[in-house]
Amino acid sequence: MNELVSASQNEAPARLARFRGALGATLRLALDVALPPLCPSCREPLGDGGGLCASCWSKLSLIEPPYCARLGIPFTYDPGPGLLSMEAIAAPPAYDRARAAVRYDDVARSLVLAFKFGDRLDLAPMMGRWMARAGRELLADADALLPVPLHWRRLWARRFNQAAALAGAISNIAGVPVLHGGIKRVRATPQQVGLSKSERADNVQGAFRVVPEEKALIAGKRLVLIDDVLTSGATVDTCARALLRAGVAHVDVLVFARVVAPLRTPI
């Protein structure tokens, strides 16, 4: 008798869960019919498709070879393999290689803002897919992905780390695990918007620290730092320096978008 009562009690939550799942699916279908998907950049209806509308897709500037072997910034012509940009020669970063999926233009900016500040976490799989494509050579050698961390106050205000969401999407595609907590943002820094390159570097100086109990886990590893946008590179460079001091063997950087000057000439 007790077994029958126990089985009945266990079945009730299962039935409730199935009901909730069916109700959720019905509501999602109703919303899709009543509110067709919109382009995340221009908010025009997409019809049956997903991603970007044809107009925004045509304006998006993917970063393709030829580009600087170190910084990943595109060249105006193909100078041959392994060539470096003037920036890479004049001020080599702490990390080894950086790659980005797209230029930070109007369309890319609208996607980043919607994703980062508009709670559009549904954009992470699409953006991560483009990043995985751009970073194929980095991911092939990587032991783990490491999202650039937010300070706990900003994480609390935003409710999620956009870099971690992108890292999860890339991990699902490339099969490279995500390492959470290997490095912490120990100092809250002002927003970098509007700062010069030197001001950005000063702003993030000493802002990151490797968690002592994680040092043994990351020592000797090949890591790929993940972030949404690369502007001056100050943030990822500071992270890379902290990781290398902690014994990491190799640090690469993979971002969704990067700021690129109109013309680049190889050396």
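A polar contact here is a pair of N or O atoms within 3.5 Å; within protein, one must be able to donate a hydrogen and the other to accept it, and residues adjacent in sequence count only if both atoms are side-chain atoms. What you see is a predicted model, in which local features need pLDDT of at least 70, side-chain atom pairs count only at pLDDT 80 or more, and totals for chains, interfaces and linings use all residues. Residues are numbered from 1 along each chain as its sequence is written, and side-chain values use heavy atoms, with hydrogens and water left out.

First, the overall picture. The protein has eleven helices and six strands; helices (H or I, at least four residues) and strands (E, at least two) are DSSP runs, numbered from the N terminus. Of its 267 residues, 43% count as buried. Buried means under 20% relative accessible area, exposed over 50%, and partly exposed in between, with a 1.4 Å probe and protein chains only.

Now to D228. This residue sits in strand β5, residues 222–230. Is D228 buried or exposed? Its relative accessibility is 2%, so D228 counts as buried. The side chain of D228 makes a polar contact of 3.1 Å with that of K116. Leaving aside residues up to four places away in sequence, D228 touches V112, K116, Q162, L166, V255, F256 and A257, where contact means heavy atoms within 4.5 Å.

Next, two helices. Helix α5 covers residues 124–134, and eight of its eleven residues are buried, among them W130 and M131. Helix α4, residues 106–117, packs against α5 at an angle of about 130 degrees, with the axes 11 Å apart. Axes are lines fitted to C-alpha atoms, for helices over the stretch in contact, and angles run from 0 to 180 degrees between N-to-C directions. Therefore α4 and α5 are oblique to each other: under 35 degrees is roughly parallel, over 145 roughly antiparallel, 65 to 115 roughly perpendicular, and the rest oblique. Which residues make the contact? From α4 they are L111, V112 and F115, and from α5 they are A124, M126, M127 and W130.

Last, a loop residue. Y77 lies between α2 (54–59) and α3 (86–90). At 45% relative accessibility, Y77 counts as partly exposed. P65 is twelve residues from Y77 in sequence, and their C-alpha atoms are 9.2 Å apart.
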